[in-house]
Amino acid sequence: MNNTTPRTDPRVLRTRELLKDAVVELMEEMNVQKISVNRIAERAKINRVTFYLHYKDIPDMLEKMADEMVEDITKVVNSENTGISVAGEHEDWPVLENLLKYIADNARFYKTVLTSRRSSIFSDRLFNLIADMIAARVERRVSAADSSQVTIQKDVATWYGSAALIGTIIAWLRNDMPYSPQYLAKQITSLRYQ
């Protein structure tokens, strides 16, 4: 039995990339509600029918783009080279640095979907992903600590950490990334432990 996943036709990948780029360009210019399938197809230089071969409608496309964003970020955060960590309080720095490098490498997409005329689906999905990661981290710390020393509710710590990190990433993108991913990762990590 063959356990390999089937490869997607490169033409399909190319078309989806054209569609994604077209949506990002249009989101830079107008509100999501004003984007039509015709505009997307015209911008991507494809036929409208081709759009419908890939997506039911624009909300379906945005949903799938958000799913892809979560998958990509999850891969980056869980990649093998993020396992290299400094023991002690700054163990999360390499993971955060890799996440910020990935966002910087894809800055146009993230700046558009998270900051300008954005659809809340992207920020909501990113918030949920970051919240899950922070919740797991909080759970590990609570398990390792004496329960009588824990004074902050886990859900409050998760909400706060997620909102602070996403807010910082959005501000960084809005300000055209004035700091390198490495520097920002060190600053965020240091801030968390002060």
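Phe109 and Phe122 are both buried, where buried means under 20% relative accessible area, with exposed over 50% and partly exposed in between (1.4 Å probe, protein chains only). A word on what you are looking at: this is a predicted model, in which local features need pLDDT of at least 70 and side-chain atom pairs count only at pLDDT 80 or more, while totals for chains, interfaces and linings use all residues. Residues are numbered from 1 along each chain as its sequence is written, and side-chain values use heavy atoms, with hydrogens and water left out.

Let's turn to helix H6, residues 107-115; helices here are DSSP runs (H or I, at least four residues), numbered from the N terminus. Because 7 of its 9 residues are buried, H6 is largely enclosed by the rest of the structure. The buried residues of H6 are Ala107, Phe109, Tyr110, Thr112, Val113, Leu114 and Thr115.

Next, the rings. The structure holds 6 aromatic pairs; rings of Phe, Tyr and Trp (its six-membered ring) pair if their centres lie within 6.5 Å, and planes under 30 degrees apart count as stacked, over 60 as edge-to-face and the rest as tilted. Tyr102 and Tyr110 make an edge-to-face pair, 6.0 Å centre to centre with 70° between the planes. Tyr102 has a relative accessible area of 17% and is buried, and Tyr110 counts as buried at 1%. Phe109 and Phe122 are also edge-to-face, at 5.9 Å centre to centre and 90° between the planes. This pair links distant parts of the chain, since Phe109 sits in H6 and Phe122 in helix H7 (residues 120-144), 13 residues apart. Tyr102, Phe109, Tyr110 and Phe122 form one aromatic cluster.

Which residues line the second largest pocket? They are Leu13, Arg16, Glu17, Lys20, His54, Tyr55, Lys64, Met65, Glu68, Glu71, Asp72 and Lys75. On a 1 Å grid over the protein atoms alone, a pocket is an open set of points with protein on both sides within 12 Å along at least five of seven lines, and lining residues have an atom within 4 Å of a point. Helix H1 (10-29) and helix H4 (58-78) are the elements that give two or more residues to this lining, and H4 provides the largest share, 6 residues.

Note on methods: 1 Å grid on protein atoms, 1.4 Å probe; cavity = no way out; pocket = protein on both sides within 12 Å on 5 of 7 lines; lining within 4 Å.
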